[in-house]
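I opened my notebook to record what I looked up in this structure, entry by entry.

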Amino acid sequence: MHMIVVGISHKTAPVEIREKLAVPESRLGEALSRLCAYPGVKEGLLLSTCNRVEVYAIVEDIEPGYGRVQEFLADTHLSLSSEQLTPHLYWHAGDRAIAHLFRVAASLDSMIVGESQILGQLKDAFEVALCHKTSGLLLNKIVKKAISVAKRVRTETKIAETAVSVSYAAVELAKKIFSNLKDQTVLLVGAGEMAKLAARHLISNGVRQVRITTRNAHHAIELAQRFNGTPIPFDDYRTELASADIVLVSTGAAHYLVSAEDVHRAVKQRMNRPMFLIDISVPRNIEPAVRDIDNAFLFDIDDLQLRVEQNREERLHEAEKAEQLVVDEVGVLRQWLKSLEVTPTIVALRNRTEDIKRSELDKAFARLNHLSNDDRQAVESMASAMINKIVHGTMVTLKAEASGSEGVGFVEAARRFFSLDEGSSGNERTEDRRSSAGNDLSSSESNSEETPRRREPRVRTGATGRIGDRGDDPLSGEDL
Amino acid sequence: MSALLFMVTMGLYFVGTIGFLAYLVRRSEWLSKISLGVTSLGFVTHTVALVMRMVGIERSVVPTFHEALSFFSWMLILVFLAVEFRRQIHVFGSFIVPLALVSLVSAAALPVENVSTFQPVFKTLWVHVTLSMLGTVGFAVAFVAGLMYLIQDGLLKSKRFNVLYTKLPALDYLDHLNQQAMILGFPLLTLGIITGAFSAEIVRGSYVSWNPEQTWALVTWVFYFVVLMGRLTVGWRAKRAAYLTIIGFAGVILTLIGVVLKGHGVDS
């Protein structure tokens, strides 16, 4: 069993291709059923947003799996041929596929790094896959892990802390002037889109008092209803300045609506309580000389833009920390996936029973020291025979079911019945392999950051079930 | 033993200061956590040192400047820890802890010897010194809040959104802190001055002798009175209050230096 991902994103494909490939929500279920109908595709999840279309699948073999998924993608849109599509596709398998999903979920692969929408979209896609039963034991675990990784990234790094939109930058600045937005009053002059958005952000951050004025009185009343605020006649906005802590101006006027003198008077009336003025209009509506007035803080669109740029850089800085976190989490998941392989499970089972036999024999022999050597051997072989007979059925079943669709479930059951995850010998082995493969992953990830990866000619020789040909394959990190 | 603990405290505050100053320009959050830990440890040793000194002292001893400054430093850290505990404004430590360190180092530079007196003046003197120092702590906090206010105000005005900008709290909180510190500090200083005058009366038979330090102290008091009244009535808040409290604190420091140089803690 292997996890693979095949897809296109804003990094590899222009919007003309992406929009053709995108699957509308109403048709997601049907598409998933079609995907899982391909032979060798065990589980599937389809993530379709405006910036990416990706298929995550659990397949029996990687190469044929890539082929099937590509076929599936080319079939989603009739006017799109496989040749047109191929140059834009990327393929990942095993750890790289898992790491890719983690990065996507944590918004490290997004156009605006750190935006939160993608996580919701992934949850929705997962929900659809669950509904149509195309997500099974493996994808369930991997996607749930991806969601928790995304949450960890959000809480442990500052990737999503800073504002990356002009309207939100206004809120961030307001919080540096007023510690509690709840007690502040906002005056909205004019109804430019960005100002409305900023007002909405301010309200969702606690502002309760909103006053609105526009040249068109009806418009102001309508807006006031929407924001649960108070409409004010346009002629009065100058006198209302003093009662506003935050003033948002965005009109189409070609001259200054708010002069330095107006603000000076307002600050005086406010007994020097600070005022925050945001001018999101071009041409500007607040006289720039307001900057020089004490306790009045004026920001125009360029200032907000500057803040946004800085924050973007900061997010990229934080993203580096998040990348490390993703690498660590892939390692954790790999360990779990490893435990679901048949060979190590059988080895662990053998070791475990051998350990039990050894310790019980030692205890018995300590008491029965009158036994002759022949007697001891007889007792020992009896113990071995008993142990072998007890586990024989389990081993045979595991080997037989390994390549079947339920194989993973059998392995997990066996591990639980025999408490294999508490033993020491088996775990040490996986630990070793984990760390070596982990290095492999991190180095290859950094190389494949921007460019779409060429399809790798790594043809796996055997499915998980084949015992004995795996050994300490350095590429084993690619398998499930 | 108390002298040893005193030195240990000074070392810990020194490390805390370095850490908190580095925190001003570095992004890492663990820097503030380590500095906070070291400073808290310093506070514990400081508390023990102070208690031991108080217990060890003879009954009729005049408070020295060493003790007054050490107590001042201890109170500053106490206020810092309280603010830190309630609001988690780590950057406050970058301003308060260095101030506490400077005060402690000044204390170390002053003699520790006990000056005994047979007059009943020592009791009122202890009250006088304690109250004056508590008042000074209030002004020190107002000073730090004012300083932080001016920095944040400057950064906002010049649109320099640097590391310090992200760490400093909102302007209105700093202004509020400034006001609260003044409101608490002023009555304490007033009481300190009154008890000082009583002590002077007992020692010298007159309440006020109009020597330079006393004059300075009164000037400072009047200054703070005007600032506080201006704030509460005609809106001397925000930037103006920040400037005025910084000037006022400079006055307090000058008074203290004057008294120390004169070498007698009897006057106020």
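**Entry 1: a residue and its core**

I looked up Leu76(B) and, setting aside neighbours within four places in sequence, I found it in contact with Ile96(B), Leu99(B), Ala100(B), Val137(B) and Ala140(B), where contact means that the C-beta atoms, placed from the backbone, lie within 7 Å. I noted that this is a predicted model, in which local features need pLDDT of at least 70 and side-chain atom pairs count only at pLDDT 80 or more, while totals for chains, interfaces and linings use all residues. Residues are numbered from 1 along each chain as its sequence is written, and chains are lettered from A and ligands numbered from 1 in the order in which they are written.

I then saw that Leu76(B) is among the residues touching the most other members of the largest nonpolar core, which has 115 residues. Such a core is a set of buried Ala, Val, Leu, Ile, Met, Phe, Trp, Tyr and Cys residues joined through C-beta atoms within 7 Å, and buried means that 20 or more other C-beta atoms lie within 10 Å of a residue's own. Helix H5 of chain B, residues 121-157, gives the most to this core, with 14 residues.

**Entry 2: two helices**

I checked H1 (residues 2-25) and H2 (residues 30-56) of chain B, which pack at an angle of about 155° with their axes 8 Å apart. H1(B) is therefore roughly antiparallel to H2(B), a word used for angles over 145 degrees.

**Entry 3: confidence**

I read that chain B averages a pLDDT of 84, pLDDT being the predictor's confidence in each residue, from 0 to 100. The model scores ipTM 0.84 and pTM 0.68.

Notes
Buried ≥ 20, exposed ≤ 12 C-beta atoms within 10 Å, placed from the backbone. Helix = DSSP H or I, 4+ residues; strand = E, 2+ residues; numbered from the N terminus. Contact = placed C-beta atoms within 7 Å. Axes fitted to C-alpha atoms, helices over the stretch in contact; angles between N-to-C directions. Parallel < 35°, antiparallel > 145°, perpendicular 65-115°, else oblique.
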